[in-house]
Amino acid sequence: MRIMMLVMLAVAVSADVVYRPEDDEHCNRTVDIYQAVSSPPVTDENRNRPLHCSYRIRVRPARNDWVVFVRFTRMRVGEPSEDRRRCIGGYVQIIDGYRDSNHSNKEDPGYYCGEIDSPKTFVSETPHVKIVLHVDSYGHDTFLQFDANVEQQQEVHARYGQYAQLYPHRRGTPVPGSYCERTFHGCAPTRCFVQSPGFPGIYPRNLRCRYTLVVSRSVVALDMNAFDVDGLRCDNLLLCFPRPVTRDPADCPFDYVKIYDGATEDSPLIVTLCGRGRLKSQIVASGSEMLVEFVTSTAGPLLNTGFHFKAESVHAETETEYEFLHLDSNGTCAIDRHLRSGDIVTFGHLRSWYPVNTTCTYRFTASEDEILKLTFEMCEESLKLYDSSSADPSKIISKLCDINKPRTEHPRSIYETSGPGLFVEFNSRIGSLEGSSLSYAFEVRPVNVITRRNSLNGGTCSRTFTPEGGMAGLLSGHPLGEANITTLTCNYTFDASRLPQGRVQLALFTSLKLAQECSDCRQEPLYAQVQLGFGDKICFCKVSTHRSHTLTSLGPVMHFSLHADASWDKKLPQKHVVNGSYIFYTESRCGPERLELDLQGLLTFPPLVSGPGTCPEGQCPDTPISCQWKIPVFHRMDLLLKIDGLPEQANCSTDHAIVNNIVLCPSSEEQELLFHKEDIFESDVTVSLRLSEKSYNFTVRWTQLRMLPSRTSSDTLVSLGKDCDFLCTSSMACLTRELVCNGVGNCPGPATTADEDVNLCVLPRDSFKLYWWIIGFGLGICVCLTLCLAFTICRKCQVRRHRI
């Protein structure tokens, strides 16, 4: 009886003992590099019993700059609980820094469990890695297989970037005593990488990482390069498809990234992110500090690879000419400003992040005898302008980027109020993280209207005419010579910029005589001036008999002004007036005004296909010719222009091209202009052409590229970037693959054809022809063998017939 009790007690004790065979080569061992490891085979000794194994990866020689790659090829161990706090049935632990390390997760490394359908790789932060396998009941349905190799840090470009030895703190400065907390200071472009631990491999479990970013005299911006943080996903794409990046905290219960607009968790929360993919825009803080927090659940799948942000500093407000809006603690932004005479202020867009349904307002006021003039430099989103000091719907001047209007329509760039109040409202329903294309800047200045008012009746004689008010109309004159007249200035603006290749034709009937030079009229008490285009003016002065004059603008805008001072003879009759008519039309000889967005293009004049449009009286004037085109530019791209066709014998005053206010005179050689992205304030570059004869052939070839910073010496290392497929070494210009060997030289510089070099372009084609020759030769041999086989079969058939 006593023997039976001892046997039963031994069996009961042995059932709870964890199986740890010291002599089993598959468990509790030191693993060398490039050595494959598998979980122990299932035997009678370990079947349905607990199993606990540990594997220490040994790296020789021991160095601190080793990075260990652990590749898991097969794994099925346990499964995570619904709350992701534990693993049911078993787990795998990866201990990164189990000894001699200031940065380790050995205190609580978390648990991996579940099954993988494809190999997964863990990339260590330290050279000391240990794998732990634990199973509550071991059997054939549980297995683990992995191997390991090592690389030096400078060879792991996906984590440390190129030239890692030059930027040792690109991933931030580790906080002593922590595994993944880091601080960043003064982030220049491509200098700060905010990454999850283990990137680009699987990130560890049970993490709470904090990344503090601080810059001086600037604001912090994050650009998402890679993002895969999702504790809900499994590895089988048929059962659970990858979720896109979501910003709803309710959808991120386990693994997530939080970004704060400040250095602590008490700062405003910008966004909570999880899922897989990329955001459509940068995340820009409102100040010089930002906190990124990364949290993972205690238990979860061996699946997700984490995130990689590039942090950089954006120029501070003091380093730019614009005054930017800022969100206050209530999530609103507003500017209220009273402008004095002579004030000129320039305002920029809301530069930092902003949530959905954000509304920002600008309110400007001036003195009672002044109006406000607003000039837009760029605008790409919903902006409303009111002719009032409040948001009065009955006094709205314009709503830019109205969804009910064609996208090809270009809004006016200059606005004037009728009184001393101006109200500008910006509204975004989608927020900045949805890839808003918001980018605008405008200038506001007060304008004294005393010189613009007619003292006869107190009404204004300054007007702006646009096609919206009618494609044609009459210009009524103003009587001069009343006894109480003082100084009078009338300004008429004819703006056809909303028409493609819009032009204005003005017919004047006046008693003023056409002057040879405008300088001859400056001393006259009464004169009129017409500005046809860039630097082209015509003046009228000295009373004579009434005559008619027909004038055509050299661009979409024409200005007509009439000046009379107090010395004007008040006794003259009131018949000395300026009357006329105007017509808006489309110049059909220039072709489309806005060109197609492309990496490379060719603009020709005369165009191959004339643009739609009609001219006054059904026929455009023969001379002079004035055209304007807009070349759209990709975001953050530089633009190279090569211009040819301006006749050498022509006069620059009558034959010239203007590219973004740069005047190009006739030349016998091809002229080249390079616009850096910092100089392109709008989304396009404007090219204007004026020719005195239609027979000239004018061409502009443009190429969109990226200019790298110039090397200070031949030993200087420059990062090319992922989009640089070809480098023009003489000019440090990066070209994409489509621009190389396409028959057109795209490298900057005269007579530079590095991208069309014979050794680069012709030899691959010759080798391709050689391949065709080899293929043809092989097909010929196959045909010959087929014929021989058919002939042999026929001969055998004939022999059989003879025998029969």
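Residues are called buried when their relative accessible area is under 20% and exposed when it is over 50%, while those in between are called partly exposed. The views below are all taken from a predicted model.

**View 1. Arg701 and Glu670 pair through their side chains.** The salt bridge between Arg701 and Glu670 has an N to O distance of 3.4 Å.

**View 2. Asp44 and Arg47 form a salt bridge.** Side chains of opposite charge can pair when their charged atoms come close. Here the nitrogen of Arg47 and the oxygen of Asp44 are 2.7 Å apart, and the pair is one of the 15 salt bridges that a search of the whole structure finds. Asp44 is exposed, with a relative accessibility of 68%, whereas Arg47 is partly exposed at 34%.

**View 3. Glu125 and Arg182 meet in a salt bridge, and both residues are buried.** The N to O distance in the salt bridge of Glu125 and Arg182 is 3.7 Å. Because Glu125 sits in the loop between β10 (120-123) and β11 (129-135) and Arg182 in strand β14, this pair ties together parts of the chain that are 57 residues apart in sequence.

**View 4. Six strands form an open sheet with mixed pairing.** Strands of a sheet pair through backbone hydrogen bonds, either parallel or antiparallel. The order of the strands in this sheet is β13-β14-β16-β22-β18-β19. β13 and β19 (269-273) stand at the edges with a single partner strand each, so one side of each has no neighbour in the sheet. β13 and β14 run antiparallel and are joined by 2 bridges, and the residue of β14 that partners Thr173 is Thr183. Between β14 and strand β16 (residues 208-214) the direction is parallel, with 4 bridges, and His185 stands opposite Val214 of β16. The pairing of β16 with strand β22 (residues 289-295) is antiparallel and comprises 7 bridges, with Cys209 facing Phe294 of β22.

**View 5. Ser178 lies in the loop between β13 (173-174) and β14 (182-185).** With a relative accessibility of 13%, Ser178 counts as buried. Its side chain reaches the backbone oxygen of Val175 at a distance of 2.8 Å. When residues up to four places away in sequence are left aside, Ser178 touches Asn102 and His103.

**View 6. Tyr582 and Phe584 form a ring pair, one of 18 aromatic pairs that a search of the whole structure finds.** The ring centres of Tyr582 and Phe584 lie 5.6 Å apart and the planes meet at 65°, so the arrangement is edge-to-face. Both partners are buried, Tyr582 with a relative accessibility of 7% and Phe584 with one of 3%.

**View 7. The rings of Trp629 and Phe698 are stacked.** The planes of Trp629 and Phe698 are at 15° and the ring centres are 6.5 Å apart, so the pair is classed as stacked. Trp629 is in strand β43 (residues 625-632) and Phe698 in strand β49, so the pair ties together parts that are 69 residues apart in sequence. Trp629 is buried, its relative accessible area being 0%, and Phe698 is buried at 1%.

**View 8. Several aromatic rings are linked into a cluster.** Ring pairs join Tyr203, Tyr211, Phe227, Phe294, Phe307 and Phe309. Phe294 of this cluster is also the residue of β22 that stands opposite Cys209.

**View 9. Two arginines lie over the faces of aromatic rings.** Arg74 lies over the face of Phe143, at 4.1 Å from the centre of that ring. Arg63 takes up a position over the face of Trp66, at 5.4 Å from the ring centre.

Notes:
Residues are numbered from 1 along each chain as its sequence is written. This is a predicted model: local features need pLDDT of at least 70, side-chain atom pairs count only at pLDDT 80 or more; totals for chains, interfaces and linings use all residues. Side-chain values use heavy atoms; hydrogens and water are left out. Buried means under 20% relative accessible area, exposed over 50%, partly exposed in between (1.4 Å probe, protein chains only). A polar contact is a pair of N or O atoms within 3.5 Å; within protein, one must be able to donate a hydrogen and the other to accept it, and residues adjacent in sequence count only if both atoms are side-chain atoms. Contact means heavy atoms within 4.5 Å. Two strands pair if DSSP finds at least two bridges between them. A salt bridge is a side-chain nitrogen of Lys or Arg within 4 Å of a carboxyl oxygen of Asp or Glu. Rings of Phe, Tyr and Trp (its six-membered ring) pair if their centres lie within 6.5 Å; planes under 30 degrees apart count as stacked, over 60 as edge-to-face and the rest as tilted. A charge sits over a ring if NZ of Lys or CZ of Arg is within 6 Å of the ring centre and within 35 degrees of the ring normal.
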